[in-house]
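Me: I have a model open and want to learn how to read it. Please take me through it feature by feature.

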Amino acid sequence: TCPPPAAGPNYRPNTTYAAPLYNLSQAYNTRDADAVKAYVGMIGSTFRFRYYNLQSSTPSWPIYWNAAQEDSAATGMLHDLAISQIHLVLPLADTSSAEVSSSAGDPPDTRKITIRGITLLVQRGDVSYQASGTCDFFIAPVNNEYRIIRWEDNTAPPQFVSGGSTPVQATTWGSIKSIY
């Protein structure tokens, strides 16, 4: 398959291990016309996402989805007119501590990047969704570009949720994406 066309000027070409994560942050925070194109361009065709739904009856069982499901979730979320704000803090300085992945089956030169200090706030209608914590991103060279091939969401509800007039749903990043 052909890669999607390059995204606009707010996005970087996927020529480094950090570029897909930079583009992820840009897509969430700007939700501009190129956001979905950039998002789809950073996901590898063998992509796998893992998260835990802490509100389910089996909160310790991981939930997985593939690239097509990730594309659908991202498109839904980034185009949802009910969302008035997305604010993602994704500390990209953590990309400097990328390590070679030791996971069996990963393509050669796959890097595991653990991002700590993530905060995601999504205002959708009259509910504010909040998640914080860490994620492990596995990034590999695919057809001369770097792509996220695996994303392990380890976020959780924040310890402290600020009160206010808006109801707050403390959750995980994956649970927010699973709405779509």
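Me: Start with one residue. Where is the place of N23?

Reply: First, a caution: this is a predicted model. N23 belongs to helix 1, which spans residues 19-30.

Me: Is N23 buried or exposed?

Reply: Read the relative accessible area against a cut-off: under 20% means buried. N23 has 2%, so it is buried.

Me: Which residues does N23 touch, leaving out those up to four places away in sequence?

Reply: Look for heavy atoms within 4.5 Å. N23 touches Y11, R12, N14 and M42. Take R12 from that list. R12 and N23 are 11 residues apart along the chain, and their C-alpha atoms are separated by 6.6 Å.

Me: Now a strand residue. Where does L121 lie, and is it buried, exposed or partly exposed?

Reply: L121 is in strand 5, residues 111-124. Values between the buried and exposed cut-offs, 20% and 50%, count as partly exposed. L121 has a relative accessibility of 29%, so it counts as partly exposed.

Me: What does L121 touch beyond four places in sequence?

Reply: Its partners are Q85, I86, H87, Y129 and Q130. Now a C-alpha distance for L121. A140 is 19 residues from L121 in sequence, yet the two are 28 Å apart in space, C-alpha to C-alpha.

Me: How do I read backbone phi, and which value does N143 have?

Reply: Most residues other than glycine have a negative phi. N143 has a positive one, near 50°. N144 is not a glycine either, and its phi is positive at about 70°.

Me: Where are N143 and N144 found?

Reply: N143 is in the loop between strand 6 (127-142) and strand 7. N144 lies in the loop between strand 6 and strand 7. The exposed class starts over 50%. N143 has a relative accessible area of 67%, so it is exposed. N144 has 78%, so it counts as exposed too.

Me: On to rings. How many aromatic pairs does a search of the whole structure find?

Reply: Ring centres within 6.5 Å make a pair. The search finds 9 aromatic pairs. One aromatic cluster is formed by Y28, Y39, F49, Y51, W65, F137, W151 and W173.

Me: Which charged residues sit over rings?

Reply: Check the charged end against the ring centre. K177 has its charged end over the ring of W151, 3.6 Å from the centre. W151 is also one of the cluster residues. R150 lies over the face of F138, 3.7 Å from the ring centre.

Me: Step back. What is the fold pattern along the sequence?

Reply: Count elements, then read their order. The protein has 4 helices and 8 strands. The pattern runs α-α-β-β-α-β-β-β-β-β-β-α.

Me: Why does the radius of gyration agree with a compact globule?

Reply: For 180 residues, a compact globule would have a radius near 16 Å; the protein has 16 Å, so the two agree. The C-alpha atoms fill a box of roughly 50 × 35 × 30 Å along the principal axes. Of the 180 residues, 43% count as buried.

Terms used: Residues are numbered from 1 along each chain as its sequence is written. This is a predicted model: local features need pLDDT of at least 70, side-chain atom pairs count only at pLDDT 80 or more; totals for chains, interfaces and linings use all residues. Side-chain values use heavy atoms; hydrogens and water are left out. Rings of Phe, Tyr and Trp (its six-membered ring) pair if their centres lie within 6.5 Å; planes under 30 degrees apart count as stacked, over 60 as edge-to-face and the rest as tilted. A charge sits over a ring if NZ of Lys or CZ of Arg is within 6 Å of the ring centre and within 35 degrees of the ring normal. Helices (H or I, at least four residues) and strands (E, at least two) are DSSP runs, numbered from the N terminus. The radius of gyration is taken over C-alpha atoms; the globule rule is 2.2 Å times the number of residues to the power 0.38. Buried means under 20% relative accessible area, exposed over 50%, partly exposed in between (1.4 Å probe, protein chains only).
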